[in-house]
Amino acid sequence: MSALAPAPAPPPPPPSAASADERLAPVSLLRRLLGRPELGAVVGAAAVFVFFSFAADSFLQASSLSTILYSASTIGIMAVPVALLMIGGEFDLSAGVMVTTSALISSMFSYQMTANVWVGVLVSLLVTLAIGFFNGFMLIRTKLPSFIITLGTFLMLTGLNLGFTKLISGTVSTKTIADMEGFPSARALFASQWTVGSVTLKVTVLWWLVLVAVATWILLRTRAGNWIFAVGGGADAARAVGVPVVKTRIGLYMGVALCAWISGQHILFSYDVVQSGEGVGNEFLYIIAAVIGGCLMTGGYGSAIGSAVGAFIFGMTSNGIVYAQWNPDWFKFFLGAMLLLATLLNAWVRKRAEAK
């Protein structure tokens, strides 16, 4: 009788979920921090804060903090949608003059029609959103680079701002609307301020924080946020998997227009009159804040929080130079140096994150 065959070896245990898919493996806190696009901006902001704390005696005073936050918020309100647009792989060079356009429309419509100022505010909202839609629509229809499309819009708005203001008002500035119905309530919404202890905060700081929170929620918690990253990473690939590229791009440009309207109303109801030549060049400040905050020029990478940190660096630098009693002409030099350093640091952080 032949011997019995040995029993077969038991099958190996099934691999765990973590070993089957490395994406499910636990990630260390350091690795998560290195993967955040705003890490370089946070490091830069801390360095700028420490530097001016020693260079300027008045930098840490409560009144100085109020001024810094206000300066940061005026840039930050626009840096948020510009950051989202850059994550989506596009630019908007008309953002600066669009702010002035929205303020001019509100002021001149209310004054010429002798209407409640809220009518002018709503008309300005519709027209500004239409400008944003125009930018997105022309980008899709012509397939030209966004640099060319928005540069054309920038030039057209610059001419329209000056031409219409001179035609209607006879000067380069609008007429006062401070005595018109609805002005106090509009000022309360767009240009009020309140005091917390010894710190006076303007309402733009609240607008800024709300916009950062909403934009962060959109990017990280909604389908639209996935679409924005996908379009910035590659429009053709995104379209192939069903991402509505056209709607996403037009929506991003209309988001820039919405925030331009908010900023424009703040200017109008803070100073009562609007200078038609204002806003030229501010679009570069918005882009700089977004890039310092970790947004890539090529799209597909960045965060709204990073743009807020970039705007805060702008506020600290622009006011810190004054508090240190330096020549303010050096501000642009420091801004350019920070842009280069932040870009290099962000690139290094991203490579480290990808390597890990």
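Biologist: What makes the length of helix H14 (residues 304–323) agree with its residue count?

Modeller: The expected span of a helix is 1.5 Å times one less than its number of residues. H14 has 20 residues and should therefore span 28 Å; its end C-alpha atoms are 29 Å apart, which agrees. Helices (H or I, at least four residues) and strands (E, at least two) are DSSP runs, numbered from the N terminus.

Biologist: And what am I looking at here?

Modeller: It's a predicted model: local features need pLDDT of at least 70, side-chain atom pairs count only at pLDDT 80 or more, and totals for chains, interfaces and linings use all residues. Residues are numbered from 1 along each chain as its sequence is written, and side-chain values use heavy atoms, with hydrogens and water left out.

Biologist: Back to H14, then: how many of its 20 residues are buried?

Modeller: 16 of them, so H14 is mostly covered. Buried means under 20% relative accessible area, exposed means over 50%, and partly exposed is in between (1.4 Å probe, protein chains only). At the start of H14, a side-chain oxygen of Ser303 comes within 2.9 Å of the backbone nitrogen of Gly306. After the helix comes Gln325, with a positive phi near 60°.

Biologist: What about H12: how does its span compare with what 27 residues should give?

Modeller: The 27 residues of H12 should span 39 Å, and the end C-alpha atoms are 40 Å apart, which agrees. Just after H12, Asp272 has a positive phi of about 75°.

Biologist: Switching to rings, how many aromatic pairs does the rule give?

Modeller: 14. Rings of Phe, Tyr and Trp (its six-membered ring) pair if their centres lie within 6.5 Å; planes under 30 degrees apart count as stacked, over 60 as edge-to-face and the rest as tilted.

Biologist: What makes Phe49 and Phe59 a pair, and of which kind?

Modeller: Their ring centres are 5.8 Å apart and their planes meet at 65°, so the pair is edge-to-face. Phe49 is in helix H3 (residues 39–55) and Phe59 is in the loop between H3 and helix H4 (62–87), 10 residues apart.

Biologist: Is Phe59 buried or exposed?

Modeller: Phe59 has 3% relative accessibility, so it counts as buried. Phe49, at 38%, is partly exposed.

Biologist: What kind of pair do Phe190 and Phe269 make?

Modeller: Their centres are 6.1 Å apart with planes at 15°, so this pair is stacked. Phe190 lies in helix H8 (residues 183–190) and Phe269 in helix H12 (residues 245–271), so the pair ties together parts 79 residues apart in sequence. Phe190 counts as buried at 1% relative accessibility, and Phe269 does so at 0%.

Biologist: Which residues form an aromatic cluster?

Modeller: Phe49, Phe51, Phe52, Phe59, Trp326, Phe333 and Phe334 form one.

Biologist: What puts the charged end of Lys202 over the ring of Tyr70?

Modeller: The rule asks for NZ of Lys or CZ of Arg within 6 Å of the ring centre and within 35 degrees of the ring normal. The charged end of Lys202 is 5.1 Å from the centre of the Tyr70 ring and sits over it.

Biologist: Why is Thr174 called buried?

Modeller: Because its relative accessible area is 4%. Thr174 is in the loop between helix H7 (146–169) and H8.

Biologist: Which side chain does Thr174 join through a polar contact of 3.3 Å?

Modeller: That of Ser107. A polar contact is a pair of N or O atoms within 3.5 Å; within protein, one must be able to donate a hydrogen and the other to accept it, and residues adjacent in sequence count only if both atoms are side-chain atoms. The Thr174 side chain also reaches the backbone nitrogen of Val274 at 3.0 Å. Leaving aside neighbours within four places in sequence, the contacts of Thr174 (heavy atoms within 4.5 Å) include Leu104, Met108 and Val273.

Biologist: Where does pLDDT stay under 50 with zero contacts beyond four places in sequence?

Modeller: Over residues 1–5. Residues 17–23 also stay under 50, with two such contacts. pLDDT is the predictor's confidence in each residue, from 0 to 100. Where it is low, the predicted coordinates should not be read in detail. The chain's mean pLDDT is 87, and 88% of its residues reach 70 or more.
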